[in-house]
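Subject: Structure handover

Hello,

The structure is below, followed by notes on what was found in it. Please read the notes with the coordinates open.

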Amino acid sequence: MKLYIDGDAFPNLLKPIVLKAIERLKLSTMVVANKRINIGKSAHVVYKIVELGADEADHQIIEMVEEGDLVITADIPLADRIISKDAHAIDHRGALYSVENIKQYLTMRNLMAEIRDSGEMTKGPAPFGTKDAHEFANQFNAFLTKYYR
């Protein structure tokens with residue numbers, strides 16, 4: 001299993017959590033973004049900067065991800081593409097996307113986009129905080145315990 005991180009908008013609070021797991025497990029990791037993102041120094045982490053443009057990092061991740069890999073992303077359409085490749089996806093707040101729930105997440109995302117496009121003001125997600133980082137850490141560690149060999 002390899003770990004891929006969608007580096008665009010990756011919360012700083014998650015960097016030490018992820019880096020600690022990478023080092024502990026010697027987990028091969030690639031951080032993909034359209035700008036320089038640093039989660040910390042590790043011989044197990046490779047940084048890949050893609051061209052500027054909508055979804056360039058997503059396309060790169062999809063090209064590389066294989067069955068059984070894990071991708072950390074808050075991008076629901078990307079998570080859907082990952083799930084369709086029999087890989088795994090977890091978001092920054094600890095939601096583990098799966099075949100059973102990804103269509104529900106996509107439907108809600110698309111509904112909210114339609115509401116915003118119609119001119120309706122929506123609140124958007126709550127600010128990312130330590131509770132979210134804690135939820136992510138719990139889900140991430142549970143996933144690694146279950147799936148990482």
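Strand 4 (residues 70-72) and strand 5 (residues 88-90) run parallel and are joined by three bridges. Ile 72 is placed opposite Ile 90 of strand 5. Strands and helices here are DSSP runs numbered from the N terminus, with at least two residues (E) for a strand and at least four (H or I) for a helix. Two strands count as paired if DSSP finds at least two bridges between them.

This is a predicted model, in which local features need pLDDT of at least 70 and side-chain atom pairs count only at pLDDT 80 or more, while totals for chains, interfaces and linings use all residues. Residues are numbered from 1 along each chain as its sequence is written, and side-chain values use heavy atoms, with hydrogens and water left out.

The sheet is open and has six strands in the order 3-2-1-4-5-6, with mixed pairing. Strand 3 (45-49) and strand 6 (96-97) are at the edges with a single partner strand each, so one side of each has no neighbour in the sheet.

Two helices pack on the sheet. Helix 3 (residues 76-84) touches strand 1 (3-6), strand 4, strand 5 and strand 6, and its direction makes about 155° with that of strand 5. Helix 5 (residues 130-147) touches strand 1, strand 4, strand 5 and strand 6, at about 160° to the direction of strand 5. Contact means heavy atoms within 4.5 Å; axes are lines fitted to C-alpha atoms, for helices over the stretch in contact, and angles between N-to-C directions run from 0 to 180 degrees.

The axes of helix 2 (residues 56-64) and helix 3 come within 10 Å and cross at roughly 10°. That makes the two helices roughly parallel (angles under 35 degrees). Helix 2 contributes Asp 58, His 59, Ile 61 and Ile 62 to the contact, and helix 3 contributes Leu 78, Arg 81 and Ile 82.

Within helix 5, Phe 136 and Phe 140 lie four residues apart, about one turn of the helix. They form a stacked aromatic pair, 5.2 Å centre to centre with 20° between the planes (ring centres within 6.5 Å, planes under 30 degrees apart). Both Phe 136 and Phe 140 are buried (under 20% relative accessible area, 1.4 Å probe, protein chains only).

Tyr 105 lies in helix 4 (residues 102-117). Leaving out residues up to four places away in sequence, Tyr 105 touches Ile 76, Ala 95 and Tyr 97.

Regards

Methods:
Angles under 35 degrees count as roughly parallel, over 145 as roughly antiparallel, 65 to 115 as roughly perpendicular and the rest as oblique. Rings of Phe, Tyr and Trp (its six-membered ring) pair if their centres lie within 6.5 Å; planes under 30 degrees apart count as stacked, over 60 as edge-to-face and the rest as tilted. Buried means under 20% relative accessible area, exposed over 50%, partly exposed in between (1.4 Å probe, protein chains only).
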